[in-house]
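The entries follow the order in which I looked things up.

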Amino acid sequence: MTNNIVYKKQICLLAFVLTITFKVAMLPKYLFIEAQNQIVLLIVLYMLLEFGIFALIYCSIQNQNIVDIFTNKWVKIPLFSLLGVAYFCKFLVFFCEALNFISLQFFDDQKWEYLSLAFLPIIVYIAFKGGNCIVRLTELSVWIVALAILFNFIYLRVDMDATNILPILPNGIAPLASAFDKNLIWFFDYTPLLFLTVKSKKNESKWFVPVAIFIIALMLVGYYFLLIAAFGNGMYLINNSFTKIAIFNKFSELFGVIDLPMIATWMIMATINLATIFFGCLQCLTEVTKCKKASASIMVLLVELIIFLKFSNLQVVYEFATSWVRYLILAVGVGVPILVFCVAKIKQKNNNKSKLLNDNKA
């Protein structure tokens, strides 16, 4: 799978997009309803967990990926089927959230069905081209994303109250646990990276990736702190916090609300994020069916049928996202990286023993 080979810088940029995109849109509101101002602490604890999961995945995909690690069909088929179902459910929720965002920003009638017919082919095309296409698109887009975010935060003008995060844990950890449990589907975003193969370049620092992931975590935590400091108890009214931040801009006094850069930024990141999830699902289905084009066609048909027949509004999607599906995401998001890491280490140990025996015989 030469089209799924990536480098350290590329996987860090993709990790940034996967970490940020759908956690800065509607998730802050959902978390605030359950945990109020403690969502900053919740994100800190979550990123510690996600840092460990990323480390397991990153160590497992050095010069190989999950397809190379699991070669036995009796293991591969059930494992990839489980992964495929989890990815598909996550894709449905995130895709509908993106459709809702686009329809609210640009259209009056908010008809998801017809909008999905235009948006889905773009995602499918990128995913079909493979992991290398996704990371290259991320590299090209990151400058637009960085400039838009930098523009808004340099000229940010808002009265903030840092004491909004206080008191800490007034009701214990129960609200944090409830918020995390109910919104599990918005977490554990790194597992599609298992289908990529990381190649290292000469003279690359071994600290580059850990430092990059740490900076990404700090950015997300800082963003949630900014939201609480800016909006306080009004957070539950904010449907898409990422674009609402753009309202508080010095230039807004001269030109009106300047939120287009943030809208465009989020749409770019959402497209990459959705393509990555679709890519993971497509890889799973292809390994099971051995037919990539047919797998992609089946997935597109299922997505459109569900959107046209079932997912007519965001409330229906949220009920689905907070159903039993969230525990499937938890099982896959935590269990699969641990399993892949353990199997990869065992295979590496056996390969080293075989190589040593062959050297001794020679």
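I note that the model is predicted. Lys9 is partly exposed, as its relative accessible area is 47%.

I then took up Glu34, which forms a salt bridge with Lys182; their closest N and O atoms are 3.4 Å apart. Glu34 belongs to helix H2 (residues 27-35) and Lys182 to helix H8 (residues 174-182), 148 residues apart. For Lys182 I recorded a relative accessible area of 31%, hence partly exposed.

Next I examined Lys90 and Asp189, whose salt bridge has its closest N and O atoms 3.1 Å apart. Lys90 sits in helix H5 (residues 73-106), and Asp189 in the loop between H8 and strand S2 (197-199), 99 residues apart. Both Lys90 and Asp189 are buried. Shared partners join Lys23, Lys90 and Asp189 into one network of salt bridges. My count of salt bridges came to seven.

Finally, I turned to helix packing. The axes of H1 (residues 8-20) and H12 (residues 260-289) come within 9 Å and cross at roughly 100°. The angle lies in the range 65 to 115 degrees, so H1 is roughly perpendicular to H12. In this contact, Leu14, Phe16, Val17, Leu18 and Ile20 of H1 meet Met269, Ile272, Asn273 and Thr276 of H12. I classed the contact residues as seven nonpolar, two polar and no charged.

Key
Residues are numbered from 1 along each chain as its sequence is written. This is a predicted model: local features need pLDDT of at least 70, side-chain atom pairs count only at pLDDT 80 or more; totals for chains, interfaces and linings use all residues. Side-chain values use heavy atoms; hydrogens and water are left out. Axes are lines fitted to C-alpha atoms, for helices over the stretch in contact, and angles run from 0 to 180 degrees between N-to-C directions. Helices (H or I, at least four residues) and strands (E, at least two) are DSSP runs, numbered from the N terminus. Angles under 35 degrees count as roughly parallel, over 145 as roughly antiparallel, 65 to 115 as roughly perpendicular and the rest as oblique. Contact means heavy atoms within 4.5 Å. Ala, Val, Leu, Ile, Met, Phe, Trp, Tyr, Cys and Pro count as nonpolar, Asp, Glu, Lys and Arg as charged, and the others, Gly among them, as polar. A salt bridge is a side-chain nitrogen of Lys or Arg within 4 Å of a carboxyl oxygen of Asp or Glu. Buried means under 20% relative accessible area, exposed over 50%, partly exposed in between (1.4 Å probe, protein chains only).
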